[in-house]
Amino acid sequence: MSVGRKLNIAFYTIIALLCITIGISFYNMEQIKGKTEEAFGSVMEQINTIDEMFINSALQALSARALVIENTDENRNYLLHYVAELDTNILNLKDMVNNDIMDGYWTELNDYNNEFNEIVEQLLSAIDKKDDVLAQKLAKTDLQDSNNEIFKTATKMRDYQDEQLTLIEKETKNAITHS
């Protein structure tokens with residue numbers, strides 16, 4: 001075998017290795033892009049919605065207590081507004097749920113929210129009937145318990161999504177390391 005032929009084989013080998021390296025780099029870049037889109041798409045969107053749920057959950061409980069203390073149209077409207085906002089957050093979250101774990105949490109959250117909404121109806125009825133004892137009992141026990149369960153379930157959802165972000169971060173770092 002001549003020297004020229006050996007140089008050609010070496011040259012083509014280097015070109016082949018370069019092509020393989022470029023292919024691997026493109027593959028890793030696509031993995032990084034996918035993980036980044038997942039983190040800043042679905043997961044972050046769910047976290048933002050869950051954070052809104054924390055706020056609306058706290059405000060609906062506060063508004064219910066305010067209505068029991070002072071029965072005004074303003075307090076009633078605040079309560080109904082925050083109940084509707086939380087309902088909207090939960091419905092929006094359903095569209096974002098993309099795995100069985102979050103679906104289970106969503107079902108649990110939705111059940112507690114429906115329970116809360118039923119108790120709100122009872123509370124409004126008691127207030128309209130001027131049954132202060134029942135209204136106070138509902139606000140201090142049933143509504144508070146139901147709202148606490150909403151908060152606990154939302155916390156489990158938030159913790160799960162935080163774990164997903166950490167996992168995505170590790171996978172992205174791994175893909176960057178190997179690119």
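A residue is called buried under 20% relative accessible area, exposed over 50%, and partly exposed in between (1.4 Å probe, protein chains only). The model is a predicted one: local features need pLDDT of at least 70, side-chain atom pairs count only at pLDDT 80 or more, and totals for chains, interfaces and linings use all residues. Residues are numbered from 1 along each chain as its sequence is written, and side-chain values use heavy atoms, with hydrogens and water left out.

**Exercise 1. Find the residues of the negative surface patch, and then classify Glu118 as buried, partly exposed or exposed.**

Step 1. Start with the rules. Patches consist of residues with over 30% relative accessible area and no salt bridge, where like charges are joined within 9 Å and nonpolar side chains (Val, Leu, Ile, Met, Phe, Trp, Tyr) within 5 Å. Asp and Glu count as negative, Lys and Arg as positive, while His and the chain ends are not counted. The place of a charge is taken as NZ of Lys, CZ of Arg, CG of Asp or CD of Glu. Accessible areas come from the Shrake-Rupley method with a 1.4 Å probe, and for residues only the protein chains shown count as cover.

Step 2. The negative patch is made up of Asp111, Glu115, Glu118 and Asp145.

Step 3. Helix H3 (residues 100-128) supplies the largest share of this patch, three residues. Helices are DSSP runs (H or I, at least four residues), as are strands (E, at least two), numbered from the N terminus.

Step 4. Glu118 sits in helix H3. Its relative accessible area is 52%, so Glu118 is exposed.

**Exercise 2. Which residues form the nonpolar patch on the surface, and what is their accessible area together?**

Step 1. The patch consists of Phe11, Tyr12 and Ile15, and together they have about 330 Å² of accessible area.

Step 2. Look at Phe11, which is found in helix H1. With a relative accessible area of 48%, Phe11 is partly exposed.

**Exercise 3. Trace the salt-bridge network that includes Arg158.**

Step 1. A salt bridge is a side-chain nitrogen of Lys or Arg within 4 Å of a carboxyl oxygen of Asp or Glu. Side chains of opposite charge can pair when their charged atoms come close. The whole structure holds seven salt bridges.

Step 2. One of them joins Asp51 and Arg158, at 2.4 Å from N to O. This pair links distant parts of the chain, with Asp51 in helix H1 (residues 3-69) and Arg158 in helix H4, 107 residues apart.

Step 3. Arg158 also forms a salt bridge with Asp162, where the closest N and O atoms are 3.2 Å apart. Both of these residues lie in helix H4, four residues apart, about one turn of the helix. Through shared partners, salt bridges join Asp51, Arg158 and Asp162 into one network.

Step 4. Check the accessibility of each member. Asp51 is partly exposed at 28%, Arg158 is partly exposed at 23%, and Asp162 is partly exposed at 28%.

Step 5. For another salt bridge, turn to Lys137 and Asp142, whose side chains meet at 3.3 Å, N to O. Lys137 is partly exposed, with a relative accessible area of 42%, and Asp142 is partly exposed at 26%.

**Exercise 4. Why does the pair of Tyr105 and Tyr160 tie together parts that are apart in sequence?**

Step 1. Rings of Phe, Tyr and Trp (its six-membered ring) pair if their centres lie within 6.5 Å; planes under 30 degrees apart count as stacked, over 60 as edge-to-face and the rest as tilted. The structure has four aromatic pairs.

Step 2. Among them is the edge-to-face pair of Tyr105 and Tyr160, with 6.5 Å centre to centre and 70° between the planes.

Step 3. Tyr105 lies in helix H3 and Tyr160 in helix H4 (residues 132-177), so the pair ties together parts that are 55 residues apart in sequence.

Step 4. Tyr105 is partly exposed, with a relative accessible area of 22%, whereas Tyr160 is buried at 11%.

**Exercise 5. Where does Lys130 lie, and what is its phi?**

Step 1. Lys130 is in the loop between H3 and H4.

Step 2. Most residues other than glycine have a negative phi. Lys130 is not a glycine, yet its phi is positive, about 60°.

Step 3. Lys130 counts as exposed, at 64% relative accessibility.
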